[in-house]
Amino acid sequence: MNPSKRQLDILKNVRFNGFCTTAALAETLQVSMETIRRNVNSLVTEGLLEKVHGGVSLPESLPEPSFSRRLMEGKESKQQIAALVAAQIRNGESLFLDNSSTTAYVAMALSDHSNLFIVTNSASIANILVSRNGNRVFLAGGELREHDAGAFGPEALEFVGRFELDHAILSASAVHSEKGFMVNHLCEAVFSQTLISHSQQSIMVLDHSKFDKMAPVKQCEFSQIIQFVSDKTPSKSLLEAIKLAGCDILTAEEQTFSQ
């Protein structure tokens with residue numbers, strides 16, 4: 001298939017946002033709903049898009065960007081976020097770290113901490129913190145995903161469910177004022193809920209590129225997160241929704257301004 005320019009524009013929007021409704025695509029591309037539906041149906045038939053409840057997303061069969069590539073995207077923002085989180089973690093504390101590029105930067109920022117008790121489903125994160133300053137590192141088992149070396153599935157869930165830790169440090173694919181935190185795959189949402197339920201407090205880390213976006217799967221509510229750490233201050237509607245749920249917000253932008 002040789003996608004038309006409009007179909008390429010649709011794919012570009014879905015890739016950027018992770019998930020799009022038909023109405024949002026029609027508004028963004030300034031065409032009719034029927035035109036969007038016709039083009040989306042062609043892309044779905046070709047396997048380039050997947051229909052999900054309320055809209056379309058990239059099919060799970062399409063490879064996601066490699067972990068190394070995601071580490072380079074928004075690097076400065078992720079480093080700022082990681083520094084804010086690491087400053088709050090004390091030596092000897094215990095924490096879950098999920099499998100994301102932002103939490104990988106948190107792991108790097110924790111490299112000078114000592115005697116940490118770490119549980120993760122990320123082979124990359126485990127490698128950063130193992131054999132350093134008396135840390136104990138536990139890696140969840142199961143098959144590792146090809147693109148990011150993350151373990152999901154029943155084995156990983158059963159393993160992390162054995163622990164009760166101080167912190168769960170999570171990331172998301174998108175955050176929306178009405179939908180909360182969202183991810184691209186169901187297994188990621190299930191894993192996040194397990195970490196939340198087995199930690200004293202949960203911290204969400206994600207950069208501003210995820211603000212006011214949507215993804216196919218609900219990860220968690222704002223009220224389940226004690227602190228949201230980002231590089232920039234969210235939009236007014238998103239900020240109000242987060243604060244209304246009792247979730248604290250810490251941003252590098254505000255820290256820089258206050259200095």
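The model is predicted, so local features need pLDDT of at least 70 and side-chain atom pairs count only at pLDDT 80 or more, while totals for chains, interfaces and linings use all residues. Residues are numbered from 1 along each chain as its sequence is written, and side-chain values use heavy atoms, with hydrogens and water left out. Helices (H or I, at least four residues) and strands (E, at least two) are DSSP runs, numbered from the N terminus.

**Nonpolar cores**

- A nonpolar core is a set of buried Ala, Val, Leu, Ile, Met, Phe, Trp, Tyr and Cys residues joined through side-chain atoms within 4.5 Å.
- Buried means under 20% relative accessible area, exposed over 50%, and partly exposed in between (1.4 Å probe, protein chains only).
- The largest core has 31 residues, and Phe96, Val160, Phe181, Met204, Ile225 and Phe228 touch the most other members.
- Helix H8 (154–160), strand S7 (165–170), helix H9 (186–197) and helix H10 (236–244) each give this core at least two residues.
- H10 provides the largest share, four residues.
- A second, separate core of 23 residues includes Leu110, Leu116, Val205 and Val229.
- In soluble globular proteins, nonpolar side chains tend to be buried together.

- Contact means heavy atoms within 4.5 Å.
- Beyond its neighbours within four places in sequence, Phe96 is in contact with Val119, Val160, Phe163, Leu165, His167, Ala168, Ile169, Leu195, His198 and Ser199.
- Strand S4 (residues 94–97) is covered on both faces: Ser94 and Phe96 are buried on one side, and Leu95 and Leu97 are buried on the other.
- In a regular strand the side chains alternate between the two faces of the sheet.
- S4 runs parallel to strand S5 (residues 117–120), and four bridges join them; two strands pair if DSSP finds at least two bridges between them.
- Within S5, Ile118 stands opposite Leu95.

**Sheet S8-S9-S11**

- This open sheet consists of three strands in the order S8-S9-S11, with antiparallel pairing.
- Strand S8 (174–176) and strand S11 (217–220) are at the edges with a single partner strand each, so one side of each has no neighbour in the sheet.
- From one strand to the next, the twist averages 40 degrees.
- Axes are lines fitted to C-alpha atoms, for helices over the stretch in contact, and angles run from 0 to 180 degrees between N-to-C directions.
- Three bridges pair strand S9 (residues 180–183) with S11 in the antiparallel sense.
- Met182 has Lys218 as its bridge partner in S11.
- H9 lies across S9 and S11 and runs at about 15 degrees to S11.

**Sheet S1-S3-S2**

- Another open sheet has three strands in the order S1-S3-S2, and its pairing is antiparallel.
- Strand S1 (19–20) and strand S2 (50–52) are the edge strands; each has a single partner strand, so one side of each lacks a neighbour in the sheet.
- S2 and strand S3 (residues 55–57) run antiparallel and are joined by three bridges.
- Val52 has Gly55 as its bridge partner in S3.

**Aromatic groups**

- The structure holds eight aromatic pairs; rings of Phe, Tyr and Trp (its six-membered ring) pair if their centres lie within 6.5 Å, with planes under 30 degrees apart counted as stacked, over 60 as edge-to-face and the rest as tilted.
- One aromatic cluster is formed by Phe117, Phe138, Phe159 and Phe163.

**Cysteines**

- A disulfide is a pair of cysteine sulfur atoms within 2.5 Å, and by this rule the count is zero.
- Cys187 is in no disulfide, the nearest cysteine sulfur being that of Cys220, 15 Å away.
- Cys187 counts as partly exposed because its relative accessibility is 33%.
- Cys220 is also in no disulfide; its nearest cysteine sulfur belongs to Cys247, 8.9 Å away.
- Cys220 is buried, because its relative accessible area is 1%.

**Two single residues**

- Gln201 lies in strand S10 (residues 199–205) and is partly exposed, with a relative accessible area of 27%.
- Not counting residues up to four places away in sequence, Gln201 touches Asp166, His167, Ala168 and Ile226.
- Arg15 lies in helix H1 (residues 5–17) and counts as exposed at 52% relative accessibility.
- Arg15 and Ala86 are 71 residues apart along the chain, and their C-alpha atoms are separated by 31 Å.
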